Amino acid sequence: MRLILVGPPGAGKGTQAVNLAAHYAIPHISTGDIFRLNIKGETELGKLAKTYMDAGNLVPDSVTNAMLEDRLTHSDAQSGFLLDGYPRNVGQAEFLAEVLVKRSITLDAVLELSIPNEEIIKRLSGRRICRNCGASSHVIFDKPKVDGVCDNCASELYQRQDDKVEVVANRLKVYSEQTEPIIEFYRNLGLLKVINAVGDVSEISASAIAALK
Ligand code: AP5
């Protein structure tokens with residue numbers, strides 16, 4: 001299974017990706033997570049990405065495309081993958097199409113997670129991330145057993161810089177101006193499936209799996 005998850009910030013792409021990747025036994029490839037790992041490791045890529053991410057802007061395509069192409073060469077991605085947060089503009093979608101042609105593989109589907117803006121604000125303002133393992137939780141919708149402490153590894157939880165209200169507004173603008181056009185791109189290819197992303201996490205996963213049957 002080769003899948004793409006698309007949707008605005010906070011739509012639940014990362015949350016759903018965990019369930020779908022486990023269901024289909026494919027790697028969850030999140031460009032945002034790869035950038036955050038590089039920021040944590042203080043690499044040159046991390047230092048560059050941070051300046052864009054903190055402001056809610058896209059990291060330049062030249063950097064992101066090269067990173068994604070390299071990730072697709074890893075052994076775990078040879079029999080399938082789930083892309084989360086990539087592609088994020090039509091240029092990236094066209095680049096991915098060329099990479100897939102070069103490798104003689106095709107996509108199975110693109111899942112669009114559909115969600116109203118007011119729900120996005122609630123989700124992002126309450127999201128907390130584990131400093132150690134990167135797991136995501138929520139102060140109301142997915143409360144950790146102990147406030148501020150990760151259920152998985154007992155490390156400290158923090159709020160992403162780009163989840164601050166002023167940055168979220170820019171991320172939503174960037175999404176509607178730069179990312180939404182890829183929905184039409186994939187609809188025209190007959191690959192798009194729209195999923196209602198409001199409701200119980202496991203019910204949303206079940207409807208995504210049903211749509212892929
Ligand atoms: P990225 O990390 O990809 O962020 P994003 O797309 O903005 O998405 P989020 O991680 O904010 O949200 P999500 O949809 O994964 O939601 P989640 O499951 O966490 O990108 C960050 C930045 O990196 C970009 O701004 C850009 O700078 C850069 N970048 C990344 N990829 C790039 C690319 N291809 N090109 C250029 N730049 C790139 O859920 C959110 C919250 O809601 C959580 O707290 C969760 O617990 C909760 N929740 C989830 N589902 C539900 C539910 N059903 N009900 C209630 N709560 C829920």
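Is R71 buried or exposed? At 15% relative accessibility, R71 counts as buried; the cut-offs are under 20% relative accessible area for buried, over 50% for exposed and partly exposed in between, with a 1.4 Å probe and protein chains only. This is a predicted model, in which local features need pLDDT of at least 70, side-chain atom pairs count only at pLDDT 80 or more, and totals for chains, interfaces and linings use all residues. Residues are numbered from 1 along each chain as its sequence is written, and side-chain values use heavy atoms, with hydrogens and water left out.

**View 1. R71 pairs with D76 in a salt bridge.** The N to O distance is 2.8 Å. A salt bridge here is a side-chain nitrogen of Lys or Arg within 4 Å of a carboxyl oxygen of Asp or Glu. By this rule the model has 15 salt bridges. D76 is partly exposed, at 37% relative accessibility.

**View 2. R160 belongs to a network of salt bridges.** R127, D162, D163 and R171 are the other members. The side chains of R160 and D162 meet at 2.9 Å, N to O. Both R160 and D162 are buried. For R160 the relative accessibility is 10%. R160 sits in the loop between β7 and α7 (165–179). Helices (H or I, at least four residues) and strands (E, at least two) are DSSP runs, numbered from the N terminus. Leaving out residues up to four places away in sequence, R160 touches R36, R127, I129 and R171. Contact means heavy atoms within 4.5 Å. P8 lies 152 residues from R160 along the chain, and their C-alpha atoms are separated by 16 Å.

**View 3. Helix α8 (residues 181–188) holds the E184 and R187 pair.** The two residues are three apart, about one turn of the helix. Their salt bridge brings the closest N and O atoms to 2.7 Å. E184 is partly exposed at 40% relative accessibility. R187 is also partly exposed, with a relative accessible area of 40%.

**View 4. Helix α9 spans residues 201–212.** Its twelve residues reach 17 Å from first C-alpha to last, close to the 16 Å expected at 1.5 Å a residue. The expected span is 1.5 Å times one less than the number of residues. I204, S205, A208, I209 and L212 of α9 are buried. Seen down the axis of α9, these buried residues fall within an arc of 135 degrees, so they line one face of the helix. The arc is that of the directions from the helix axis to the C-beta atoms. The buried residues of α9 pack against β1 (2–6), α1 (13–24), β4 (109–114) and β8 (192–196).

**View 5. Helix α3 (residues 44–55) buries G46, A49 and M53.** They cover an arc of only 70 degrees around the axis, which puts them on the same side of α3. E44 and T51 are exposed on the other side. Cover for the buried residues of α3 includes α2 (31–40) and α7. Just after α3, G56 takes a positive phi of about 80 degrees.

**View 6. V139, I140 and F141 form a nonpolar surface patch.** Together they have about 300 Å² of accessible area, from the Shrake-Rupley method with a 1.4 Å probe, where for residues only the protein chains shown count as cover. Patches are made of residues with over 30% relative accessible area and no salt bridge; like charges are joined within 9 Å, nonpolar side chains (Val, Leu, Ile, Met, Phe, Trp, Tyr) within 5 Å. V139 is in the loop between β6 (136–138) and β7 (157–158). At 36% relative accessibility, V139 counts as partly exposed.
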